[in-house]
Amino acid sequence: MHKKVEIDLGGRPLSIETGRLAKQANGSVVVRYGDTVVLVTATAAKDPKPEVDFLPLTVEYQERFYAVGRIPGSFFRREIGRPSEKETLSARFIDRPMRPLFAKGYQHETQVIATVLSADQENDPDMLAMIGASCALSISRIPFLGPVAGVKVGYVNGEYILNPTPEQVKQSRLNLIVAGTRNAVVMVEGGADSLSEDEVMGGIFFGHEKLQPILAIQEEMRQAVGVAKMQVAPPPVNEALKQRVAEVAAVKMQAVITTADKQQRSDSYHALEQEVLAVLATEFPEELKAAKALLHDLKKTMMRDRIVKEQRRIDGRRFDEVRPITCEVAALPKAHGSALFTRGETQVLVTATLGSGEDEQKIESLSGMSFKPFMLHYNFPPYCVGEVRMLRGPSRRDIGHGALAERALRAVLPVNDDFAYTIRVVSEVLESNGSSSMATVCGGSLALMDAGVPVRKAVSGIAMGLIKDGDTVVILSDILGDEDHLGDMDFKVTGTDEGITALQMDIKIEGVSKEIMERALAQAKAGRLHILDKMKSGIEAPRPEVPAHAPKIFAMQISPDKIRDIIGPGGKIIKAMTAEFGVKIDVEDDGKVTIFAPNGIVGDQVKTRIQSLTAEAEIGKIYTGKVQKIVDFGAFVEILPGTDGLVHISELEDRRVEKVTDVLKEGDEVTVKVLDIDQRGKIRLSRKAAMKELGS
């Protein structure tokens, strides 16, 4: 059945249409905003997978270059198989608010695919993909309990802007993605220019208010064309088995959940699990998998009860207490900047590497070719959690955590004109017991300062948790891995002592109130400031200059007309300088020249060479040049590379000269003074004036 719904959203039409494209999917919609068009499909396998103990949901977001009338620049002239970082992050944005809203017990493999068909470069397709995913699921037989909608929020000149255009984003001090249901915010992701908690909160709830009409048209669409949802029975619970697990495990489980050390707690739990399974092997031989799940549920319930009812955390900390912190910089002798940051049982080794403009990341996207001078890469090897796992490329989680930390630090970096280095920060997670992405932010800030990057402020990060039981709400600072797993919210906040630079929030329950979110942000601020104070023990301010073993960058400005004098025919001159000095030289169209040298001495030599190649003659200045040509009325002397002037025969000596060759011949070196430069650029020189001034 064909159906189309439409609203005005932020002064632009937003429409959702179904029944025209991809009709064999369980749910299919086309979302259009301006001239950006996204097709989103939702499809579920016919049979469940009872053996899986997780929601088998896969979300894919794919951009097609035909959407902007371009052919891909890859060798194969087609979109590469591996998703770009933008596609990966967009898929995560879509997945996170959807995942908690599936019926409990649903085990059918489900795939949501969003394909960008048209992009107008003004309206970002990823928010349309999120809206389309929710609507496609809502009208399908898949037991999705939405709808959900998402919008972007900017902040320009003290005013919040809905779905800002690229030009507005450049001016905005806030760049948020807000996803929500009718009654609650369920996901927040974004960055800020050191804004206050109140300003960020205002943006979140501005977005939640503005997304309500999108929810309304999704509901209209569902009522018009939606089909009956498949019936999903919650997984049956064997009450006898559940009671028996509790009888066997409860006493020893109390000891497990009060063990502060992560590895000891893990070992104790594993030993208890083996003991429980051995006891139940004869009583419930066919239900040992269910027994393991019930034992896990018992652990989670007892941990939550300890926090909510006994007001005690797993490791005995206060709810607002941050784990012990140690900081060390210059941890690696040859890295340009490095830091070892340890918070409790989470430890990261972070490095900062400085490169030239040629090292910028080249990104081909729907908006065209762009270059990225700051990169942060996050690596989470299996040993950091005591596991054995095949090493592959970065996961979606790795890319997402890296993007969050990169956003947090980008806000304090110097502008490229003031610090022309390309910067790469790499975080190696050596140990993890929660908040490794926030440790990456702290370690990254320290490593940048150790490398001599003139960051505006130090940045720290903290992960907040929430446990809600009825009317009782507990907010936890600096959560452990187990607290993240058992909690109802994961709220990461980064910032300076001035304000917030990035945040990420995921809600695992129906939502949280504005009051709870305000409490969480206030508690996060106190923790953030505490961590910033501890970070001063490593380094308090950026080093005054980059390390001696780091490459040096020299910037200079020349006239655009002189660019050809540096490049030379076919690049001959610049290639020769590059080979002679072992440097990289970048020349921009506006005449900005950047020299990337192995050390300061070489950099000065190259700078002097370029100055000599591009220098312009000055009236009254004395030069030593070479006679290029003799004529009857004087001699042409090259005073600068590619620049010559005429010494008239009357300006050769302080006496009458009969023939020019009586004084000079071609190839002679001669000292001359610039008398005049006419409007056409012709230079008049004098040998006798130079001799008089020099006293010879």
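**Briefing: cysteines, fold and selected residues**

The sulfur of Cys-327 lies 7.6 Å from the closest cysteine sulfur, that of Cys-442, which is too far for a bond. The structure is a predicted model. A disulfide requires two cysteine sulfur atoms within 2.5 Å, and by this rule the protein has zero disulfides. The protein has 696 residues, of which 51% count as buried.

**Cysteines**

- Cys-327 has a relative accessible area of 14% and is therefore classed as buried, the cut-off being under 20%.
- Cys-135 is also buried, with a relative accessible area of 0%.

**Overall form**

- The protein contains 16 helices and 29 strands.
- Its radius of gyration is 33 Å, whereas a compact globule of 696 residues would have a value near 26 Å.
- Along the principal axes, the C-alpha atoms fill a box of roughly 125 × 60 × 45 Å.
- Of the contacts between residues at least 6 apart in sequence, 70% join residues at least 24 apart.

**Surface and charge**

- The accessible surface amounts to about 32700 Å², and carbon and sulfur atoms account for 51% of this area.
- There are 89 positive and 98 negative side chains, and the centres of these two sets are 2 Å apart.

- Ile-307 belongs to helix H8, which spans residues 288-308.
- With a relative accessibility of 0%, Ile-307 counts as buried.
- Leaving aside residues up to four places away in sequence, Ile-307 touches Arg-312, Arg-313, Phe-319, Ile-467, Val-474, Leu-476, Glu-483 and Leu-486.
- Val-188 is 119 residues from Ile-307 in sequence, and their C-alpha atoms are 26 Å apart in space.

**Backbone features in loops**

- The peptide bond from Gly-146 to Pro-147 is cis, and its omega is near 15°.
- Pro-147 is placed in the loop that runs between helix H2 (125-139) and strand S7 (149-156).
- Gln-121 has a positive phi, near 70°, although this residue is not a glycine.
- The loop between strand S6 (108-118) and H2 holds Gln-121, and this residue is partly exposed at 37% relative accessible area.
- Asp-478, likewise not a glycine, has a positive phi of about 55°.
- Asp-478 sits in the loop between strand S19 (472-477) and helix H11 (481-486), and its relative accessibility of 0% means that Asp-478 counts as buried.

Key: Residues are numbered from 1 along each chain as its sequence is written. This is a predicted model: local features need pLDDT of at least 70, side-chain atom pairs count only at pLDDT 80 or more; totals for chains, interfaces and linings use all residues. Side-chain values use heavy atoms; hydrogens and water are left out. Helices (H or I, at least four residues) and strands (E, at least two) are DSSP runs, numbered from the N terminus. The radius of gyration is taken over C-alpha atoms; the globule rule is 2.2 Å times the number of residues to the power 0.38. Buried means under 20% relative accessible area, exposed over 50%, partly exposed in between (1.4 Å probe, protein chains only). Contact means heavy atoms within 4.5 Å. Accessible areas come from the Shrake-Rupley method with a 1.4 Å probe; for residues, only the protein chains shown count as cover. Lys and Arg count as positive and Asp and Glu as negative; His and the chain ends are not counted. The place of a charge is taken as NZ of Lys, CZ of Arg, CG of Asp or CD of Glu.
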